[in-house]
Amino acid sequence: MDCGVRWINDDWRARMACGERATGTTAEAAQVELSQGRPGSATVALLQRLGRQCTRSSRTTFPPPEGYTWWSDDAVDHLLADMFDREDRDNPGQGHKFLLNCYLRATDEPSLERLLLATMQNFLKDQAKGTTRGRLRRRLETLFEADERFHLGEKDRWALTSGSSVPWQGDRATLERVAFGVRGAEITQWNHSGQTPRATREALLTVAEAVLEAAQGAVQIEDLARVLQQRFRLLREPNFVPFEDQHDQLGWVSRVDVGMRARALFSLLSPEERRLVPVLGQRSRWGEVLGTGQARAGVIGETLLEQLRLATVDDADHDMVALALVELCGGLNDPG
């Protein structure tokens, strides 16, 4: 069976299995197929190789498709099939359109591979955002339903019970600025199932209330989820850094030394600040840890929070750097 001739309007997963048996194929052979507008076995094999590279890189943290526990070959085929399925839904009969777009933009075989990798990564990011944000939306709805301060309006819009129910139609960036302006609301625990921890619940509801008050109307749950996602950094994305290195088999994914950046931050902190880092999410303990009054502890803690926020605001590995810094400060000893 020719794995490429029946590429359009057929079963993607069957073709992935067929392509798995193709051997000796290269990006050059795939380019020839794409130039003819008929992706075949070489293209399938190239996609499978890049799919395995993308999902198994040490820099990726994307979960495998539902029903899989790790990025097996079958899971990668499932991912590729989903990519074609989505393209076919958006452009019926054109499930391979993204392939041709990459081919037309490529200048050589390496650039074709980079473009295909970027397409896969963007697809994975979209899926991860949609899946995780869906859970966040459901969690918010559950919390709102149990809190009399919030009221459900029409078409999944939520408003304050004491406020207006007129649909909000403003700029989401405005709401995000309001959310970031809420002080004292931080999340130190995040569970993916079961009841929401009390401190986490209060932080989410406090910020949501401030956002809805500023909106002066009913805001769609999707917009609220996006705002809270940004405020609490609940959906961190893996960071892919392209670089030129012909000796690197991955071709463009670099490993960043998180520990080194955490040490750099550690070196800038005073002994008091180092003691405070492990309990930054527990304001009631600041005075106890520092051995001082609550007022002075509050000043030191707030200053430290802002210092760390500014130091990592543009850092895609914010969470990893923060955890590494907590580990360094947890021992209360200079790591040397």
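A salt bridge is a side-chain nitrogen of Lys or Arg within 4 Å of a carboxyl oxygen of Asp or Glu. A search of the whole structure finds twelve salt bridges. The structure is a predicted model, in which local features need pLDDT of at least 70, side-chain atom pairs count only at pLDDT 80 or more, and totals for chains, interfaces and linings use all residues. Residues are numbered from 1 along each chain as its sequence is written, and side-chain values use heavy atoms, with hydrogens and water left out.

View 1. Glu-222 and Arg-137 form a salt bridge whose closest N and O atoms are 2.5 Å apart. Helices (H or I, at least four residues) and strands (E, at least two) are DSSP runs, numbered from the N terminus. Arg-137, Glu-222 and Arg-226 are linked in a network of salt bridges.

**View 2. The salt bridges Glu-202 to Arg-201 and Glu-288 to Arg-285.** The side chains of Glu-202 and Arg-201 meet at 3.7 Å, N to O. For Glu-288 and Arg-285 the N to O distance is 4.0 Å. Glu-288 is exposed, with a relative accessible area of 58%, whereas Arg-285 counts as partly exposed at 31%. Buried means under 20% relative accessible area, exposed over 50%, and partly exposed in between (1.4 Å probe, protein chains only).

**View 3. The largest nonpolar core.** A nonpolar core is a set of buried Ala, Val, Leu, Ile, Met, Phe, Trp, Tyr and Cys residues joined through side-chain atoms within 4.5 Å. Of the 28 residues in this core, Phe-144, Phe-150, Val-207 and Leu-224 touch the most other members. H6, strand S2 (157-160), helix H7 (172-180), helix H8 (198-215) and H9 each supply at least two residues. H8 gives the most, with eight residues. Leaving aside residues up to four places away in sequence, Val-207 is in contact with Ala-179, Val-182, Ala-185, Leu-228, Arg-231 and Phe-232 (contact means heavy atoms within 4.5 Å). Apart from this core lies another, of 25 residues, among them Leu-50, Phe-98, Ala-106 and Leu-116.

**View 4. Helix H3, residues 41-56.** H3 has 16 residues and reaches 22 Å from its first C-alpha to its last, close to the 22 Å expected at 1.5 Å a residue. The expected span is 1.5 Å times one less than the number of residues. Twelve of the 16 residues in H3 are buried, including Ala-42, Leu-50, Gln-53 and Cys-54.
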